[in-house]
Structure formats: structure tokens, C-alpha cells
Amino acid sequence: MTTQQISTEKLRKLPESYGKLGWTLLIAGVVFTILSFVIDAKHASFGLTMTLVFVATVGVGSLFWVGVEYVSSAVWSTALRRPFEFLAGVIPFLIILALPLLLRMRTIFEWTHKSLLATDPAMVVKAPYLNIPFFLIRTVGVFALWWLFYYLIIRNSRNQDTSRDQQLTTKNVKLSAGFMPVFAVTLTLFSIDWLMSLTPNWFSTIFAVYVFSGSVLAAMAFGTLIIVKLNEKDRFPVKLTPDHYYNLGAFLFAFVVFWAYIQFSQFMLQWYGNLREETLYYIPRMHGSWAVVSIAVALAEFLIPFFLLVTKPAKMSPKRLVFVSVWLLAAHALDIYWMVMPVYDSKTAVFGVSEVAFILLSLGIILTVFAYKAKGNNMVPVGDPKLQRGLEFHI
Amino acid sequence: MSEVSYGEVIDYSKAPPLVEGNPTLSKIDDSIAAPSETRPSKKYFMALGVTLTMLLIGVIALGYTFYYGIGMWGNNIPVAWGFAITNFVFWIGIGHAGTLISAVLFLFRQRWRTAIARFAEAMTIFAVMCAGLFPLIHLGRPWYAAFVFPIPTQHGVWINWNSPLVWDVFAVSTYFTVSLMFWYIGLIPDLATMRDRTTNKIKKAVYHVLSMGWRFSNRHWQHYEKVYVILAGLATPLVLSVHSIVSFDFAVSILPGWHTTIFPPYFVAGAIFSGFGMVLTVLIIVRKVFNLEYIITMNHLDKMAKVTLLVSMMVAYAYLMEPFMAWYSGDPIDWYLVLMRMTGHYALGFWVMTTCNVFVPQLLWFKKIRHNIGVLFVISLLINVGMWLERYIIIVTSLYKDFLPSAWHIFVPTLTDFGILIGSFGLFFTLVLLFARSLPVISMTEVKGVTEGAHPTHHIGAEHE
Amino acid sequence: MSDIEKNPQGGRRLYGITALFDGPEKLVNAAAAVVKEGYKNYDAYSPYPIHGLDSAMKLKRTYIGAVTLIAGLTGASLLLLFAWWTNSIDYPLVIGGKPYFAWPSYIPLMFEMAVLFGAVSTVAALIMVWLGLPRNSHPLQDTEFMKKISDDGFGIAIEAKDSSFDEKQTKAFLEKLGAEKVELVYYETREISLKEAVLDPKFIGVIVVVAIATSGATYFGLNKMLLLRPWTSLSDQAKVLPETRSEFYPDGFAMRPPVNGTVARGELPYRYANNIPAAEKFMKNPVLPSKHVMELGQRDFNIYCSPCHGYFADGQSRLQGQFPVPPSLHIDSLRTAPDGLYYEVITNGFQGVMPSYARQIPRDERWAIVWYIRALQRAQNPPEVADAK
């Protein structure tokens with residue numbers, strides 16, 4: 001078997017355009033965010049909530065993929081792991097993004113209003129969970145745990161580049177196995193706190209799984225986009241084959257279906273049960289202009305990518321993969337918009353400066369962090385013992 | 001997560017061998033075909049005697065049920081579902097591991113599945129057969145089952161498309177059909193091998209018919225492999241949908257404890273969990289009895305134990321979410337049900353279930369336990385018990401306390417109930433034993449395809465292109 | 001089999017040449033060489049699919065996936081269409097407060113049907129169209145070559161119908177490639193005549209046994225088995241039937257008289273039976289006249305009364321004197337008689353000549369007939385004319 005040479009000059013050299021684009025978007029995003037707060041602080045708070053959710057889901061979803069690779073001892077994806085590690089680099093910045101929101105909790109979260117306790121007996125029951133001190137503890141705790149595992153796993157992975165110590169892989173397998181249950185619980189807390197409690201009376205046991213499906217799908221889409229782009233421009237340090245593309249496409253496809261499955265389960269059961277405290281989530285989303293958004297979400301995150309990816313050549317085609325990845329990221333943004341914004345305005349789907357700021361800022365943060373991380377680190381884990389096997393992978 | 005691992009060094013740069021001892025292709029054929037070509041041992045007949053006795057008990061209990069009616073069961077109003085639906089959900093769940101191993105792991109290109117896939121698929125089919133029995137006999141007059149199909153009748157009325165019970169009929173029959181085809185398609189090359197091996201005239205004729213004249217042509221392999229992928233691709237969402245639809249039986253109603261949105265994925269995880277428990281139980285016995293240790297290696301059992309641990313965690317997640325959301329919802333009835341499950345009349349069942357499904361599988365974190373066959377076997381049995389109890393607890397505790405206290409009624413199973421349950425196990429294991437003796441229990445084709453040197457080391461075609 | 005070219009070797013036709021190779025690597029190399037040599041009708045054989053063999057043989061991509069996609073979409077759409085038609089058009093039913101067209105309920109079923117249609121069609125298409133199976137008459141069946149392949153052999157067969165095929169040259173070519181065992185394979189030529197097959201006593205015997213067994217089983221099933229428990233479960237119930245003995249009541253009667261004062265459903269007590277004066281005195285027509293009531297009366301009158309009384313109640317019987325002719329209802333004494341008289345006569349008959357119609361005509365319809373008779377009487381004898389007299 002021929003061992004593939006790793007191009008050392010491309011290892012630490014991401015094209016300048018990534019960083020430039022990232023900074024441009026970031027600066028534009030910050031400007032627009034400030035602008036939106038000046039125009040309408042309430043609207044802007046919800047906009048920033050969307051940004052937080054987008055960045056957090058992509059970040060922690062990427063860390064999840066890194067962990068999955070270790071736990072399942074997957075081989076094919078070894079060469080592709082670093083971009084996901086870089087994407088997970090946004091995790092330490094989440095707390096900064098959340099800070100302005102924590103200061104404006106009374107605007108975003110209805111349950112912070114004491115008056116609700118007097119009129120709604122269910123809110124009295126929830127009060128031990130939905131109160132500001134506990135919310136702060138949870139938010140900080142969740143971000144801290146993510147950061148801890150990010151730090152430990154990435155450190156081992158990076159050290160392996162120089163030491164080539166196989167024990168580091170074993171260590172990371174164990175760390176990742178430990179991360180999985182932590183991830184499940186923390187993502188649940190995150191989704192209940194930042195999304196479900198926006199509608200304080202509503203509840204759904206599957207909701208965290210729904211957020212999870214969107215999160216890993218978006219992370220996979222972002223990773224695929226970057227990997228395929230780099231490889232097609234011949235800027236990836238190793239040569240990836242259509243078989244690698246096929247696997248990326250297959251994962252996108254699988255999670256598109258999984259997302260639809262979870263969303264449908266939640267919707268169908270609440271529609272069928274027809275209980276007031278459950279339908280209050282779907283009724284505003286099924287009427288007026290929100291109905292259009294709902295249909296658009298279903299089309300964008302399931303039907304259209306499903307047919308775009310269903311055949312085998314489609315999963316192997318770089319053009320198709322780039323298109324679908326961009327499409328799915330847009331769909332994920334739309335999905336978050338669909339989850340958050342009906343709380344701000346339940347009658348009409350609004351689109352203003354806050355939404356523009358949401359898109360610019362989210363992409364800006366992720367791309368800037370990615371470019372920054374890619375500069376200081378190898379684009380492929382050169383010391384990973386599975387690397388050569390991964391490069392030889394074929395279906 | 002520290003000292004234990006440093007004792008041994010794993011070399012990640014080499015793929016672990018899938019078949020131990022590097023046997024020749026003929027030897028694979030010989031050992032896989034051996035059970036169906038030699039006279040069975042005394043142990044085999046003893047085992048068959050036990051399972052047939054269990055089956056007979058079931059047949060007698062069924063006879064009682066049909067002759068005297070459903071009144072022979074412990075079912076009452078409000079607990080109208082009792083054992084029958086518990087067993088139905090349990091057996092459907094057992095089947096799911098088979099599809100998971102054969103289809104999902106196939107799509108993930110987990111090649112270690114080859115050694116266990118055939119067996120797991122067969123178990124799927126037998127388990128679905130057992131499962132399908134229960135809704136049928138729960139009708140009391142099973143010959144009226146035709147009314148669940150959308151056939152035009154003189155009444156003019158059609159079936160109720162909104163009923164999850166109708167969805168069940170579609171889902172389970174589709175699942176059975178697709179599993180059977182998947183299994184059969186996988187069997188065809190092996191049947192052809194058996195056809196060419198056997199000297200018995202009658203057997204040869206049967207294998208000729210069953211293998212349909214398969215001749216290992218590469219022009220055939222090409223389409224065959226594609227269809228195998230397609231079927232795996234269809235079976236994977238199918239397996240999710242089937243148990244989701246089974247969960248809809250419960251979740252579309254507005255009973256506390258049933259109406260919760262996590263039910264579909266929770267049931268799927270539970271199904272895979274119980275199925276893996278059962279596959280482990282059966283495989284540990286089979287590899288011992290038929291001397292297949294070099295094909296079903298310790299590595300396989302280790303991987304299956306890991307998957308079991310993973311799904312156990314998923315089930316545990318659902319166990320956590322349910323009470324949390326019951327409390328978070330602020331609905332006093334939901335919360336009352338949670339407390340009643342933990343402390344009420346069926347509390348013992350609840351705690352045994354939680355122990356077997358959540359606490360005991362945590363032992364699988366340790367490699368030592370994963371590699372101890374005796375302990376693994378006990379754990380797999382406990383998982384079976386726990387998962388059966390899970391369905392029992394879900395059904396009975398939500399039903400027996402109706403909304404009006406005057407309608408409360410404790411469910412007590414009768415001997416007939418237990419007889420039918422034992423009978424379903426008898427049916428399942430009888431079929432498993434017969435299968436193990438008559439067809440190749442491991443895919444010869446696939447095992448041959450994963451031996452060392454099975455494939456050329458470089459793509460010749462790639463140079464031409 | 002007229003196109004068989006008779007071959008010098010015992011009248012058998014050559015199928016082709018088979019060659020075995022040692023291991024997958026050599027097979028792939030050989031396959032590539034066979035393609036290079038220009039052969040088209042050849043095939044490679046291996047006990048399991050080998051990576052890279054497809055591309056070495058330059059096989060085209062398989063499009064069987066299209067069958068799955070089309071069949072799957074068909075299945076899903078058919079289910080949607082069917083569920084919509086049955087529950088919204090043919091027999092609309094509201095179930096659980098859901099709309100007639102409850103689409104979220106149909107999605108699980110649409111998915112199941114997509115999978116069912118997709119999987120069944122794909123497998124059927126694979127076996128029957130793509131593979132051309134079942135076919136147990138292929139010349140390679142039961143050859144030593146096939147036995148080796150199904151165990152651990154790797155081989156190539158070049159068919160005789162290939163344009164570049166030449167028995168000696170091809171053989172030499174295969175041997176040059178490093179083949180271990182090069183052999184010729186022939187078609188079987190044995191033919192079975194249809195007549196012989198049908199008249200075979202074995203065949204006839206099987207047919208007879210199957211016929212007797214089937215008819216016997218059908219007879220037993222339909223005429224005996226279905227009359228046994230538990231199939232009788234709907235009629236076989238714990239209840240007392242008329243004319244049977246009761247163990248419960250001391251008098252042994254299963255049928256019990258109704259409790260005093262019991263009124264059967266749909267019936268009111270009638271106290272003026274055969275008492276015309278009382279009926280005349282105490283009864284008034286309880287039914288209000290309307291178009292519907294008049295039409296009902298007309299219909300019933302024409303059915304039940306007109307054969308004797310005539311269509312106009314004038315005694316013009318249509319029975320041609322085979323039955324006593326009733327009087328005209330237009331005579332003064334009857335015209336002025338109260339409604340109760342007519343009702344009582346319809347209900348209980350008259351003097352043994354007119355029978356009771358209580359069993360044929362429901363109570364309200366009898367009153368409707370009374371209204372119709374009144375209308376007939378008025379038509380024959382309008383009040384204006386009577387006043388003028």
C-alpha cells in the first residue's frame with residue numbers, strides 16, 4: 001500500500017480569504033448588532049439569542065462529532081477531524097456572547113416576571129427551576145463543562161501531533177466516552193433554558209433531542225463545507241477521495257432524515273393530543289405568516305436536501321455537497337428563527353436588522369475562530385495513528 | 001478512566017482482524033455448514049425438548065383462551081391491555097436489534113457485524129412472528145382481524161386512518177416483509193453454496209429451488225450488492241418507524257405516562273437495548289454449542305456490550321426526562337403518576353426495571369466485565385427481564401388508576417397469561433434452534449469477504465480509468 | 001431449440017469455456033485482460049463480491065435504485081390518495097375531533113407504504129429483471145466449476161456466442177493468463193415431451209391426492225369446523241332462548257311475562273278496540289295535516305284500501321266482485337262520522353268482513369289515511385256545493 005504524503009506547506013496555511021471573510025462578517029455583525037440594539041432593544045435581544053443558539057449548536061455539535069470519532073474508533077474521518085476541532089473552538093466564547101443576554105433576561109424570558117406567579121399555578125411549580133440564580137448557575141455550568149471537555153480532548157489531540165503517542169488516543173477515547181452522557185445532559189439543560197423556557201408554559205420531552213439533531217446536522221454541514229471547499233481548491237494537506245465525500249454526504253443525509261423524524265414526532269403527538277398547554281407552541285406557528293415559515297422549515301431542512309442527497313453520485317459530488325451544506329446552514333438558521341422569534345411576535349414573521357445581525361454575527365464568530373485556530377494548528381492530525389488507514393479508506 | 005488502560009497498548013494504526021486464526025475459505029464453509037450436515041447432538045435434542053414443552057404450554061393456554069374467551073386472562077377494565085400488549089411490544093423490540101445489526105451497522109460499514117448479522121436477522125423474523133401473535137389473540141376472535149385492513153365491506157365504512165392501531169398493522173407487516181426479504185436476499189449465495197455442497201437428493205432439490213439458480217456471477221454481484229445497500233437503507237428508517245409507531249399506540253392518547261413526546265425515540269432505543277440483550281444471550285450460547293468462537297470472537301461480544309451500554313444510556317436519558325418533564329409541566333396528574341410508579345402498587349417492578357436497565361449495564365464500562373462471558377450472560381438476561389418489565393410498568397401503571405377512583409382496578413395476571421408468555425418464548429427458541437440446524441447461521445459469503453487477503457490490495461480498475 | 005447448431009461432440013452445444021484462477025488478485029487481473037482482449041460475453045465468478053472487480057470489468061453503474069425511488073414515491077402517494085378518498089369523500093368520518101383530511105396521521109402510513117413498495121419492487125426487479133432468476137437450467141449449474149466457485153474458487157467463463165470466441169484460441173488465451181483449470185461447458189439437450197409428463201402416473205396421482213385433500217378440508221372447514229366452539233362465539237352466549245327451560249325460576253319458564261303496566265317501545269295502549277262508539281267519542285286525529293302527511297296517506301290508501309274501496313273511496317272495487325263490495329265512504333252517515341270511527345275500523349277491522357290493518361300500517365300512518373279519506377270526501381262533496389243545496 002502506498003502511504004500518502006502529507007503536504008507540510010498546506011498544514012498550517014489556511015487561505016487568507018477565510019480569515020478576511022471572517023473578520024469582515026464579524027465586524028459587520030457587531031456593527032449591526034449594536035445598531036439593532038439602538039433601534040429596538042427587545043427585538044435585538046431575541047436576535048442575539050438566536051446568535052447564541054446558532055454558535056453554541058455548531059460549536060458543541062462539532063465537539064460531539066470529534067467525540068464520536070474517538071468513541072466509535074472510526075477511521076475514515078481521522079483526516080477530517082481537525083476542521084471539527086477548530087469549529088468547536090467557539091465554545092470558550094459562548095459565555096461572552098451570553099453576557100449581554102443575561103443582563104437582559106427580563107426582556108427575553110417571560111418567567112422572570114414575578115406577576116406570572118400570581119396568575120399561573122404551573123409557574124409556581126416551576127419556580128424552583130425557572131429562577132434567575134439557578135438559571136445563571138446552569139448557564140455557566142453548561143458552558144464550563146463544554147469548555148472543560150473541549151480543552152482536554154483538543155489538548156490531547158494536539159499533543160499527539162508532536163509526540164505521536166498512541167496512549168493519547170486511548171485517553172481521548174475514554175474522555176469522549178465520558179463526554180457523551182455529559183453532552184446529553186448539558187445540551188438538554190441548554191435547550192430547555194434558552195429555547196423551551198422562552199414559552200414558559202410549554203414543555204416537550206423530545207425537545208432536547210430535536211435541538212441535538214439540528215445541532216449535529218449544522219456542525220456536519222459546516223465541517224463538510226470547509227473540508228470540501230479546501231480539498232477542491234487543493235488547499236487541504238492530504239488528498240481526499242470521493243469515498244470520503246460519500247461518507248460526509250451520507251451523514252448529512254442521515255441527520256436530515258433524523259431531524260425530520262424528531263420534528264414530526266413532536267409535532268404529531270402534540271397535534272394529536274390537542275392539549276392546551278402543548279398546542280400553545282404550535283398554534284402561533286401554524287397561523288399567519290408563521291405558517292409560511294413552518295412550511296419553509298420543513299422544506300428547507302428535510303424535503304429539499306433529502307432529494308438533493310438521496311442518490312449515491314450526489315453524495316460524492318463536491319459541488320452538490322457544497323451547495324447542500326450552505327443550504328443546510330441556512331435551514332438551521334431558519335429553524336432557530338422558527339423556534340425563537342414567534343415568542344417575540346406571535347402574529348407576524350418579522351425580518352429586520354436583528355435578523356441580519358444574527359446571520360452576520362453567527363457566521364463571523366465561527367469563521368473568525370476557525371481561521372484563527374487553523375493558523376496555529378495542523379489541518380490534519382499528523383500524529384494520529386489512524387491517519388494513514390483513514391486516507392486509504394474506500395467504500 | 002486511568003490506570004486500567006495503561007496495562008495494554010492498543011495499536012490504532014492497524015485494523016483489528018475480523019476473523020481469528022486466518023482460516024481458509026473452505027474451512028469457513030465447513031464449520032458454518034457443519035450444524036446442518038451432521039447429526040445433532042444429544043444436547044440439541046434436550047434443548048429442543050425444553051423449547052417444545054414451552055411451546056406446548058403456550059398452545060394449551062391459547063386453546064383455553066380461544067375456547068373460554070379473553071376472560072381467562074387477568075385483563076380488566078381499565079387495564080384492558082395487560083400482558084398481551086406488553087408481550088407484543090417486548091417481542092417487537094427484540095426484533096429491532098436484528099435489523100440494527102444487519103442494516104444500520106452495514107451502512108456504518110462496521111464489518112464486524114458479518115459474524116452475527118444472519119443470526120440477528122433470523123431472530124428479527126422470529127421475534128416479529130411472536131409479536132404479531134399477540135394483537136391477534138388479543139382480539140379474542142382472531143379471525144375478525146381482517147377488519148383492520150382497508151377492504152371494502154358491505155358496511156361501507158373504511159378503517160380509521162387516525163388510529164395508531166391501524167398504523168401498527170401497516171408498520172409491523174411492512175417490517176416483517178422487508179426483514180424477510182433482507183434475510184432471504186442475504187441467504188441466496190449461501191443457499192447456493194449449500195446446494196453445491198450437499199449430496200442428499202431431497203436437500204439438493206430444496207436448495208436448488210431456494211437459491212433460484214444463483215451462480216456467483218460478478219455481473220450479478222454488482223446489482224446484488226447495490227440492492228443490499230438499498231434494502232439496508234430502507235430497513236434503517238423502517239426500524240425507527242416501527243417502534244415509533246408502536247410508541248404512538250401509547251403516546252397519541254392523553255393518558256399521563258403515555259402522552260409524552262420523547263416516546264418514539266425512547267421506544268426505539270429501548271427496543272434496540274432489549275434486542276441487543278437477547279442477541280447477546282443467544283449468541284453466547286450458540287458460539288459455545290456450535291464451536292464458532294473463532295468467527296464470533298471476544299471482540300464481537302465486546303463491541304456488542306459497548307453498543308448495549310450506549311443504548312442503556314439512551315434509555316436512562318428517557319427515564320430521566322420523563323419525570324423531569326412531568327414535574328416541569330406543572331400538571332399534578334402527571335406528577336402523581338410518576339410518584340405512584342415509584343412508590344405505588346407496582347413499585348417493586350419499577351425498581352427492578354430501573355436496576356436492570358440503568359444500573360446493571362453500567363458495569364459494562366469496565367473492560368474486565370465485557371470480557372467475562374459468564375457476567376456478560378447474566379447481564380444480558382437481566383436486560384431482558386428489565387425491558388419486559390419496562391413495557392409492563394408503562395402499560396399497567398398508566399391504566400390501573402383511571403381518572404375516577406371508582407374505576408381503579410389492580411391488574412393480576414393469571415396462569416393463562418403466563419402460559420402464553422412462556423409459549424411465545426417456546427416458539428421463539430424452537431424456531432431459533434430449527435434455524436440453527438437447517439440454514440447457515442453465519443453468512444459464509446460475508447465472512448469470506450472479510451478474511452485477510454480477500455480483496456486485491458490496489459484497485460486495478462482505478463489505473464485504467 | 002431450432003437454432004442450435006449441431007456440434008460434433010455428441011450433438012451437444014457448447015456454452016463456453018471456464019477457467020479457475022488462484023485468488024482474487026489474479027482474478028481481477030485476468031478480468032482486466034479479458035476485457036482488453038475484446039471479449040464481451042464473459043463473466044467473472046467469485047464466492048463473494050470483490051472490490052475493484054466491477055471497474056476491472058468496466059461494468060456500467062447499476063440503475064436499480066431508480067426502481068426503489070419510483071416505487072417508493074408511488075406507494076406513498078397511493079396511500080395518501082386512498083386515505084384522503086376513503087375518509088374525506090367516500091365515507092367522511094370525524095374521528096377524535098380531527099379534520100376529515102388529517103394529514104399528520106397519514107405520514108407514518110405513507111412512509112410505511114413507501115418502504116413496502118420500494119423494497120418489494122426492488123427485490124422483485126432485481127431477481128426477475130436484473131438477474132434473470134429463478135433459473136436452474138443454466139449450463140453452469142452443477143458443474144465442477146460452479147462447485148469450486150461456491151466454495152473457494154475464482155473463475156472466468158467466456159461464452160461461445162462471443163464474436164471473438166474461438167475454442168482453441170480462447171482456451172490458449174485463458175491458459176496464458178495463468179488459469180489453473182480450463183474446461184468446456186455444454187448445454188444440456190435432454191427434452192421432455194409434454195404428453196409424457198402429463199400422463200405420468202406420478203403426476204396424476206399427486207393431482208388426485210391434492211384434489212381430494214383440498215375438497216375434504218374445505219368441506220370439513222366450512223360445514224363442520226365453523227359450527228364448533230370457538231367459532232360460534234357470537235351466537236353461543238350465556239342467555240336463555242324462547243321455549244327453553246329455566247333453572248332459575250321455580251315455574252321453569254324461560255320466557256317471563258312483562259311486568260304489569262309495561263309498555264313496549266313504539267306502541268301505546270289502545271283502549272277502544274272493537275268499541276266504535278267510544279273510539280268516535282274520545283279520539284281526535286293527533287297528526288297535523290301537511291303535504292307530507294297527505295302524500296303518506298295517499299300512498300297507504302292506494303296500497304291498502306283502494307283494492308276494495310276504490311281509488312276515490314266510492315266503493316268501485318277493483319276486485320271484480322270476488323270480495324264483498326264495501327259501501328261508498330261518501331254517504332252522509334260516514335261523511336259526518338268522527339275520525340275515531342275510521343281509525344278504529346282500520347285498526348281492528350269491521351264486522352268480520354274488513355280485516356285489521358294494525359300490523360301492516362303504523363299508527364301515525366293510519367291517521368294519515370284518515371286525513372286522506374277526509375280529503376277525498378271533501379273533493380267529492382265540496383262544502384260550497386253542499387251549502388248551495
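Is B:Met212 buried, partly exposed or exposed, and how many other C-beta atoms lie within 10 Å? B:Met212 is partly exposed, with 18 other C-beta atoms within 10 Å; a residue counts as buried with 20 or more such atoms, as exposed with 12 or fewer, and as partly exposed in between, the C-beta atoms being placed from the backbone.

## Basis of the model

This is a predicted model, in which local features need pLDDT of at least 70 and side-chain atom pairs count only at pLDDT 80 or more, while totals for chains, interfaces and linings use all residues. Residues are numbered from 1 along each chain as its sequence is written, and chains are lettered from A and ligands numbered from 1 in the order in which they are written.

## Chain A

Chain A has 18 helices and zero strands. Here helices (H or I, at least four residues) and strands (E, at least two) are DSSP runs, numbered from the N terminus. The C-alpha atoms of chain A fill a box of roughly 70 × 40 × 40 Å along the principal axes. For 395 residues a compact globule would have a radius of gyration near 21 Å, and chain A, with 21 Å, agrees. The radius is taken over C-alpha atoms, and the globule rule is 2.2 Å times the number of residues to the power 0.38.

Of the 395 residues in chain A, 51% are buried. Among contacts with a separation of 6 or more in chain A, 84% join residues 24 or more positions apart. Two residues are in contact if their C-beta atoms, placed from the backbone, lie within 7 Å.

## Helix H9 of chain A

Helix H9 of chain A covers residues 132-163. Its 32 residues should span 46 Å at 1.5 Å a residue, and the end C-alpha atoms are 46 Å apart, which agrees. The expected span is 1.5 Å times one less than the number of residues.

The buried residues of H9(A) include A:Phe135, A:Phe143, A:Trp146, A:Tyr150 and A:Ile154. Just after H9(A), A:Arg164 takes a positive phi of about 55 degrees.

## Chain B

Chain B has 17 helices and zero strands. The C-alpha atoms of chain B fill a box of roughly 75 × 65 × 55 Å along the principal axes. A compact globule of 465 residues would have a radius of gyration near 23 Å; chain B has 24 Å, which agrees. Buried residues make up 51% of chain B, and residues 24 or more positions apart account for 83% of its contacts with a separation of 6 or more.

## Contact of chains A and B

The contact takes 33 residues from chain A and 29 residues from chain B. On the side of chain A that touches chain B, helix H8 (121-126), H10, helix H12 (242-273) and helix H18 (387-391) each supply at least two residues. H12(A) gives the most, with nine residues.

The residues on this side of chain A divide into 17 nonpolar, 11 polar and five charged. Ala, Val, Leu, Ile, Met, Phe, Trp, Tyr, Cys and Pro count as nonpolar, Asp, Glu, Lys and Arg as charged, and the others, Gly among them, as polar.

## Nonpolar cores

A nonpolar core is a set of buried Ala, Val, Leu, Ile, Met, Phe, Trp, Tyr and Cys residues joined through C-beta atoms within 7 Å. The largest one has 320 residues, of which A:Leu252, A:Ile366, B:Met123, B:Val279 and C:Ala31 touch the most other members. Helix H11 (residues 207-232) of chain A contributes the largest share of this core, 18 residues. A second, separate core of 18 residues includes C:Ile346, C:Val370, C:Trp371 and C:Leu376.

Leaving out residues up to four places away in sequence, A:Leu252 touches A:Met220, A:Ala221, A:Thr224, A:Leu309, A:Val324 and A:Leu328.

## Domains of chain C

Chain C is divided into domain 1 (1-191) and domain 2 (276-388), with bounds from an automatic or database domain assignment. The C-alpha centres of the two domains of chain C lie 86 Å apart.

## Backbone exceptions

Most residues other than glycine have a negative phi, and most peptide bonds are trans. B:Met212, not a glycine, has a positive phi of about 55 degrees and lies in the loop between helix H7 (201-211) and helix H8 (218-251) of chain B. C:Gln351 also has a positive phi, near 55 degrees, and is exposed, with 6 other C-beta atoms within 10 Å.

The peptide bond from B:Ile77 to B:Pro78 is cis, with omega near 20 degrees. The bond from C:Leu133 to C:Pro134 is cis too, with omega near -5 degrees.
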